[in-house]
Amino acid sequence: MEFEAPDWRNLFSSNARRKRFRFCPVGYYLYHVAGRDGYAETRDDWHYQLYCAKFMLPLDAWNRRFFRAALREFYRPGGNPRKLPLPVLATGMMEREMLALERGEHRRDPKLAAAILEVELGHLRLAEACGRARGELERMLALFAGSELPEYLSGVARFDFWPDDGPLRFELGKVEFLLAPDLVWRDGGRLGVLDCGAYATEQEKERTAELFRAYALSRRSLAPEVVRFGFYDPVSGKLAGDAGSAEPFTAIFQALAGEAALWRDCLVDQDAALPVGRWLHSRTEYCRQCRFFGLCRVEP
């Protein structure tokens, strides 16, 4: 979990943070600063409830997570030891987590299962949410099976895929960047990359690809031109290649570093204002869709 960062006063940049801040600066603060040690509190304590809320996911993100996790497990070296088909692997992951939610294991320890936000907010019953999730995952798997990706990826030797060691972290100019590609593999003299994340704009995709090229150069000594980046949206089934960005990398870095500084300053300012009971942002139309609804204490 990204909120476990050791020092929130440092500069961090990732697509997940961007979406979080765009949704609500108060929620961004609550996610990354307040309640980080909540696991040591009692269950009815505000800090513990806040900590639990950080693991909740909206239903669409909850669904996508199983597709992405199964894809990484299916192709990574040493993964999927039982040689299960991808649909069986993905649905098995989802059914196990659904069973954990039915048992209430997420209330005992939020790390055991990700709670579904719409269920926790009372917008859906768990059975209804699970039914929708099964249907959506089945649809995503069918779209993937009908795409060109399975045939192409089956031609890549298993040992040519990079191990799935979690998100890639690297530092440039005192900014820690986090990238989360789903698959990376050697393709002759090139490096193939597949990202199934959700992006709001084409610019975000272009900048992500350029950041990966910077990572490949600084950490793997690979020339940027050998990286072939692809974006796959499991919801629509669309695959898009990356033609490169028209922005110079210096401009990209400056924009992202400025963004990271804005986010950090927001955290610092809010942390300084909280002891006197002051929030720096008012309620928005998104409040009733927020994992921290009822916990943020922002006055109308």
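**Burial, sheet order and cavities in a predicted model**

Apart from its neighbours within four places in sequence, Met-56 is in contact (heavy atoms within 4.5 Å) with Ala-115, Leu-117, Glu-120 and Arg-291. The structure is a predicted model, where local features need pLDDT of at least 70, side-chain atom pairs count only at pLDDT 80 or more, and totals for chains, interfaces and linings use all residues. Residues are numbered from 1 along each chain as its sequence is written, and side-chain values use heavy atoms, with hydrogens and water left out.

Met-56 sits in the loop between α3 (46-53) and α4 (59-75); helices (H or I, at least four residues) and strands (E, at least two) are DSSP runs, numbered from the N terminus. With a relative accessible area of 14%, Met-56 is buried, where buried means under 20%, exposed over 50% and partly exposed in between (1.4 Å probe, protein chains only). From Met-56 to Ala-243 it's 187 residues in sequence and 35 Å in space, C-alpha to C-alpha.

Over in helix α1 (residues 15-23), the buried residues are Asn-15, Arg-17, Arg-18, Arg-20 and Phe-21. Their cover includes β1 (11-13), α2 (25-32), α10 (202-220) and α11 (249-273). Arg-17 comes in at 3% relative accessibility, so it counts as buried. Its side chain makes a polar contact with the side chain of His-32 at 3.4 Å. A polar contact here is a pair of N or O atoms within 3.5 Å; within protein, one must be able to donate a hydrogen and the other to accept it, and residues adjacent in sequence count only if both atoms are side-chain atoms.

Then there's the sheet: four strands, open, in the order β4-β5-β6-β7, with mixed pairing. Because β4 (183-187) and β7 (238-241) stand at the edges with a single partner strand each, one side of each has no neighbour in the sheet. Strands pair if DSSP finds at least two bridges between them; β5 (residues 190-195) and β6 (residues 227-233) do so in the parallel sense over five bridges. Val-193 has Phe-229 in β6 as its bridge partner.

As for voids, the whole structure holds two cavities of 30 Å³ or more. A cavity is a set of points, on a 1 Å grid over the protein atoms alone, where a 1.4 Å probe fits but cannot get out; lining residues have an atom within 4 Å of a point. The largest cavity takes up about 90 Å³. Twelve residues line the largest cavity, and the closest to its centre are Cys-24, Val-26, Cys-287, Cys-290 and Cys-296.

Terms used: On a 1 Å grid over the protein atoms alone, a cavity is a set of points where a 1.4 Å probe fits but cannot get out, and a pocket is an open set with protein on both sides within 12 Å along at least five of seven lines; lining residues have an atom within 4 Å of a point. Grid points are joined across faces, edges and corners, and a volume is the space filled by probe spheres set on the points.
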